[in-house]
Amino acid sequence: MQQEELKIKLSALLPAATFEEGGEWLTMQVEPTDWPALANNLLTEPTLNFNFLFCLTCVDWKTHLTMVYHLSSRTFGHNMVVKVKLDAAKPVIATVSDLWRTAEFHEREVYEMFGVNFLNHPDLRLLILPDGWEGKNPLRKDFVDPINMIKL
Amino acid sequence: MIEEIGTTPEGELIINVGPQHPSTHGVLHLVITLSGETIRKVEPHLGYIHRSIEKMCESLTYRQFIYVTSRMDYLSAHINNHACALVVEKGLQIEVPARAQVIRVLMDELTRVASHELWWGSMAMDLGAFTPFFHAFRERESINEIMEETCGARLTMNYMVPGGVVQDIHPNFQKKVKAFLQLYKLKIHEYDELVTGNIIFQNRMKGVGIIKPEDALSYGVTGPAARGSGLSCDVRKIYPYEIYDKLDFEEVLETAGDSFARYMVRIREMQQSIRIIEQLIDNIPEGDFQAKTKAVLKLPKGDYYTRVETARGELGVYIVSEGGTTPYRIKFRSPGFSNLSILDHIARGSKLGDLVAMMGTLDLVIPDIDR
């Protein structure tokens, strides 16, 4: 499906969403509350069928956090990006690990690195960081660690 | 939290495999729940070699950050560097000279062969045979020599830079690669005689750790591990970069989805890489090996994403730029991280001894998982 066609289809699916200009792929911005229903539609809608979540990550913008989901359809070959803005002080979003199983590990990584809380995640614990790092989020911009971080 | 090692009230046994265990090839720590010899649960505990490369890259310039990425999947160092060079070139719209493109693809494919050879040797060693390891290292050594001559390093090469490659190939390069091709063709039958056709190995691999294609897709498994289940996912074919669309090679697919299918994919993939090298080795165009670029690189504000096919699967590099000389945020979507996530799913219900065959054919490289 071409980008324009995809855009029409997606805005019909969720009229509240906005689209980002530029960028290689169609980028959709949605509210955290709209995300679970949209994610389900993106996967199950036969003409969309985004069955491959190839990247899940988060960006710290100091004032807020942005979850970034890169989706691809192995059936049709189209790609898209979904961005969800979260509150920096209390970031909460629904998990998508029930739709794309790869999200389970990736969400655990985002949880420890950025402190995002994923609702209904089956096993939200530290994955990479050792015990005692709960609440300290190394990939946040305001994170300081005078012992382990060397500034050039 | 690491669970109490010992026995649960239900009579299940919880044991550690790793972080120091020969079959984990590095520092992977698995906590395994066993009922007799049957695996009930596999829980990876990562981070023993976590260096937070993503955070480090935030304070390195677009020329510097490439060097750190050789230390992720150190067996695909060239291909990691390639992905990073591509993403910078995409952002700055740098045209890479034809000579550099061919050299890059040659290096990628040599790396792939070397990586699969190391995998083959260590895979056989995991399953109890020591001899194949030496056979694999004999061929791999001649690739390492080629790398050493041209790049100055044997493992963490750091040869690709935005705009091309760091220096021209060594005058001996073509001669040595051809000698390697000859050696490989002379010796490849030994691989099949020693392992592929060996009934003991076949019995240990066939029907073990079956990945269904829909599971591979859902868990984000890519590379030979997914292609063993018949899932077409070769980035070189789906989203061709450099000159891969002009080359004559096949995407190797097997359908059984078990450890033996994944084994066969890698064996056959080596032959495809050899095919690519043969097509290119006499056709390296004359010209520059590097495009002229500015001394200080600044990516325009925006998001950039590239993906390449490493020896282990799809590597994605995601850069968020604010227009400065360093990335604002960088994310490496490493193939090993996603491939590892399916281990628990496929290991449940099988015997503990089979876990080694599963881990071996997933071809896990721990620094790639931890980053």
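Trainee: Why is Thr131(B) called partly exposed?
Mentor: Count its neighbours. Thr131(B) has 13 other C-beta atoms within 10 Å. The cut-offs are 20 or more within 10 Å for buried and 12 or fewer for exposed, with partly exposed in between, and C-beta atoms are placed from the backbone. So 13 makes Thr131(B) partly exposed.

Trainee: What kind of model is this?
Mentor: A predicted one: local features need pLDDT of at least 70, side-chain atom pairs count only at pLDDT 80 or more, and totals for chains, interfaces and linings use all residues. Residues are numbered from 1 along each chain as its sequence is written, while chains are lettered from A and ligands numbered from 1 in the order in which they are written.

Trainee: Where is Thr131(B), and how far is Thr131(B) from Gly121(B) in space?
Mentor: Thr131(B) lies in helix H5 (residues 131–151) of chain B. Helices are DSSP runs of H or I with at least four residues, strands are E runs of at least two, and both are numbered from the N terminus. Gly121(B) is ten residues away in sequence and 8.2 Å away in space, C-alpha to C-alpha.

Trainee: What makes H4(B) and H5(B) antiparallel or parallel?
Mentor: Their angle. The axes cross at roughly 160° and come within 8 Å. Axes are lines fitted to C-alpha atoms, for helices over the stretch in contact, and angles run from 0 to 180 degrees between N-to-C directions. Under 35 degrees is roughly parallel, over 145 roughly antiparallel, 65 to 115 roughly perpendicular, and the rest oblique. So H4(B) is roughly antiparallel to H5(B).

Trainee: Which residues of H4(B) and H5(B) make the contact?
Mentor: Among them are Ala114(B) and Gly121(B) of H4(B), and Phe133(B) and Ala136(B) of H5(B). In contact means C-beta atoms, placed from the backbone, within 7 Å. By class, this contact has 13 nonpolar, two polar and three charged residues. Ala, Val, Leu, Ile, Met, Phe, Trp, Tyr, Cys and Pro count as nonpolar, Asp, Glu, Lys and Arg as charged, and the others, Gly among them, as polar.

Trainee: How do you know how H4(B) and H11(B) run relative to each other?
Mentor: Helix H4 (residues 98–126) of chain B packs on H11(B) at about 155°, with axes 9 Å apart. That angle is over the antiparallel cut-off, so H4(B) and H11(B) are roughly antiparallel. Their contact includes Leu106(B) of H4(B) and Ile277(B) of H11(B). It has 13 nonpolar, two polar and four charged residues.

Trainee: Why is H11(B) called roughly parallel to H14(B)?
Mentor: The axes of helix H11 (residues 259–281) of chain B and helix H14 (residues 352–362) of chain B cross at roughly 30° and come within 9 Å. That is below the parallel cut-off, so the pair is roughly parallel. Ser259(B), Arg262(B) and Tyr263(B) of H11(B) meet Ala357(B), Met358(B) and Thr361(B) of H14(B). These divide into three nonpolar, two polar and one charged.

Trainee: How do you know whether the radius of gyration of chain B agrees with a compact globule?
Mentor: The radius is taken over C-alpha atoms, and the globule rule is 2.2 Å times the number of residues to the power 0.38. For 371 residues a compact globule would have a radius near 21 Å; chain B has 21 Å, so it agrees. Buried residues make up 49% of chain B.

Trainee: How many residues of chain B are in contact with chain A?
Mentor: 26 residues of chain B are in contact with 26 of chain A. E8(B) gives the most to that side of chain B, with four residues.

How values were computed:
Contact = placed C-beta atoms within 7 Å.
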